[in-house]
Amino acid sequence: MTDEDGRHRSPLVDEVIKKAAVVWVSVSGGLARALWCAPLEGALLVISGPGEQSAPGLAGATT
């Protein structure tokens, strides 16, 4: 199984994504933050910005 970037992903990861409520995110090698998320079609969505949870650097991150 592969994702949009052609990377292989296990069935276990797919199941975890379906049940995730929090994801740990590190931007540019910085400290990881716990962010609320929602699963959608095999991806995890994170909402951040004014009035939402803080995720400095996430919007412009490439990795």
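## A walk through the structure

S28 sits in the loop between β1 and β2 (33-36). Here helices (H or I, at least four residues) and strands (E, at least two) are DSSP runs, numbered from the N terminus. This is a predicted model, in which local features need pLDDT of at least 70, side-chain atom pairs count only at pLDDT 80 or more, and totals for chains, interfaces and linings use all residues. Residues are numbered from 1 along each chain as its sequence is written, and side-chain values use heavy atoms, with hydrogens and water left out.

The phi angle of S28 is near 55 degrees, a positive value in a residue other than glycine. Most residues other than glycine have a negative phi. S28 also counts as exposed, with 69% relative accessibility. The words used for this are buried (under 20% relative accessible area), exposed (over 50%) and partly exposed (in between), with a 1.4 Å probe and protein chains only.

Now step back to the whole protein. It has 1 helix and 4 strands, and along the sequence they follow the pattern α-β-β-β-β. Of the 63 residues in the protein, 16% are buried. Accessible areas come from the Shrake-Rupley method with a 1.4 Å probe, and for residues only the protein chains shown count as cover. If you take the contacts (heavy atoms within 4.5 Å) between residues at least 6 apart in sequence, 17% join residues at least 24 apart.

Which side chains meet in a salt bridge? They are those of K18 and E15, at 3.0 Å from N to O. A salt bridge is a side-chain nitrogen of Lys or Arg within 4 Å of a carboxyl oxygen of Asp or Glu, and a search of the whole structure finds 1. Both K18 and E15 lie in helix α1 (residues 11-19), 3 residues apart, about one turn of the helix. K18 counts as exposed at 55% relative accessibility, whereas E15 is partly exposed at 36%.

Finally, look at strand β1 (residues 22-25), where W24 is found. W24 is exposed, with a relative accessible area of 63%. Together, V22, W24 and W36 make a nonpolar surface patch of about 420 Å². Patches are made of residues with over 30% relative accessible area and no salt bridge; like charges are joined within 9 Å, and nonpolar side chains (Val, Leu, Ile, Met, Phe, Trp, Tyr) within 5 Å.
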